[in-house]
There are 2 protein chains.
Amino acid sequence: MKLQTLNDLYIEELRDLYNAEKQILHAMPKMLRAVTSDTLRQAMEQHMEETKHQVERLDQIFEGLNVSSGGHKCEAMAGIIREAQEVLTADADPDVLDAAIVGQAQRVEHYEIAGYGCARTYASLLGREGDVTLLQETLDEEGLTDRKLTELAERHINERALAQS
Amino acid sequence: MKLQTLNDLYIEELRDLYNAEKQILHAMPKMLRAVTSDTLRQAMEQHMEETKHQVERLDQIFEGLNVSSGGHKCEAMAGIIREAQEVLTADADPDVLDAAIVGQAQRVEHYEIAGYGCARTYASLLGREGDVTLLQETLDEEGLTDRKLTELAERHINERALAQS
């Protein structure tokens with residue numbers, strides 16, 4: 001890994017996010033199959049569609065930079081997903097599992113909020129205004145998804161999980 | 001892993017955070033040695049002291065619940081730290097490395113914000129008001145640290161990194 005300039009760091013950050021998004025897209029169907037609440041499943045399905053657009057935005061940015069998107073494995077997202085998959089194999093009540101899945105999904109969102117926040121700041125410093133717009137769109141979606149998950153949890157998922165005691 | 005009740009999920013969440021904090025405390029000295037900026041090092045040293053208190057708060061919560069704190073490895077934090085350590089081995093300019101370390105530290109903070117946010121919500125639903133107070137204190141510290149890192153990055157770290165091009 002070369003980090004001699006802010007531009008190097010920007011590209012590493014983008015590759016990390018690109019690989020993270022790809023891992024999320026690969027892991028999501030299994031998570032979705034484990035969900036019981038219809039509203040939670042719908043919210044996650046909608047975010048899966050958004051995630052595909054987020055990958056397209058990154059593709060567009062890599063094209064503009066004329067660099068490849070590959071070559072970096074996001075170890076952090078690999079760990080987050082490994083832990084989410086552990087949850088799916090738990091001896092679990094379905095409603096408690098839904099609450100646990102919300103918690104795992106929020107970890108994914110927060111990782112992305114941190115990463116996209118940095119990438120957007122670097123893009124701005126490097127004067128890449130087109131990239132800033134694309135990265136900000138994704139950042140807004142991640143923030144909105146996180147808040148929607150909190151809302152769903154507070155509205156009924158956690159209460160249902162609480163009833164199992 | 002048993003997730004039959006919200007209380008089971010609460011305990012799993014606490015054990016995950018406990019293990020994550022222990023991993024952070026173990027990894028931080030190496031990160032600190034790689035930092036060039038004095039203000040960044042001071043901010044990280046201060047947060048390391050806070051982290052020790054956060055572990056004590058969790059100890060107190062486990063004692064109140066009369067359950068052990070062990071038995072869970074936080075795979076997500078292991079991945080985040082593995083990635084941060086990769087950054088330390090990069091062929092890097094010192095100022096660009098500082099900017100990269102801020103980005104890695106913010107990933108750590110965001111993981112904790114997601115996790116402590118869930119734990120605090122579960123504690124509240126379970127009527128454990130004392131735990132809520134302790135978890136909220138930690139959550140506030142994590143949020144404050146994240147904002148302080150952003151401020152340091154915006155004030156001078158990113159500008160210094162930008163100058164290396």
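Visitor: What makes H3(B) largely enclosed by the rest of the structure?

Guide: Eleven of its 14 residues are buried, so H3(B) counts as largely enclosed. Buried means under 20% relative accessible area, exposed over 50%, and partly exposed in between, with a 1.4 Å probe and protein chains only. This is a predicted model; local features need pLDDT of at least 70, side-chain atom pairs 80 or more, while totals for chains, interfaces and linings use all residues. Residues are numbered from 1 along each chain, chains are lettered from A and ligands numbered from 1 in written order, and side-chain values use heavy atoms, without hydrogens or water.

Visitor: Which residues of H3(B) are buried, and what do they pack against?

Guide: Among them are B:Met77, B:Ile80, B:Ile81, B:Val87 and B:Leu88. B:Glu75 and B:Glu83 are buried too. From chain A, the partners are strand E1 and helices H1, H3 and H4. From chain B, they are H1 and H4. Contact means heavy atoms within 4.5 Å.

Visitor: How does the reach of H3 of chain B compare with the expected value?

Guide: Residues 75–88 reach 20 Å from first C-alpha to last, close to the 20 Å expected at 1.5 Å a residue. The expected span is 1.5 Å times one less than the number of residues.

Visitor: Why is A:Val87 called buried?

Guide: Its relative accessible area is 5%, so A:Val87 falls under the 20% limit. A:Val87 sits in helix H3 of chain A. Beyond four places in sequence, A:Val87 touches A:Leu97, A:Ala100, A:Gln104, B:Met1 and B:Leu3. The C-alpha atoms of A:Val87 and A:Leu97 are 7.7 Å apart.

Visitor: Why is H2(A) called roughly antiparallel to H5(A)?

Guide: Their packing angle is about 165 degrees, with axes 10 Å apart. Over 145 degrees counts as roughly antiparallel (under 35 roughly parallel, 65 to 115 roughly perpendicular, the rest oblique). That makes H2(A) roughly antiparallel to H5(A). The crossing is left-handed. The contact has ten nonpolar, eight polar and seven charged residues.

Visitor: What makes the phi of A:Asn66 and B:Asn66 worth a look?

Guide: Most residues other than glycine have a negative phi. A:Asn66 has a positive phi of about 60 degrees and is not a glycine. B:Asn66 also has a positive phi, near 60 degrees. A:Asn66 lies in the loop between H2 and H3 of chain A, and B:Asn66 in the loop between H2 and H3 of chain B.

Visitor: How do you know whether A:Asn66 and B:Asn66 are buried or exposed?

Guide: A:Asn66 has a relative accessible area of 70%, over the 50% limit, so it is exposed. B:Asn66 has 70% and is exposed.

Notes: Helix = DSSP H or I, 4+ residues; strand = E, 2+ residues; numbered from the N terminus. Axes fitted to C-alpha atoms, helices over the stretch in contact; angles between N-to-C directions. Left-handed = near helix turned anticlockwise from the far one by under 90°. Nonpolar A, V, L, I, M, F, W, Y, C, P; charged D, E, K, R; others polar.
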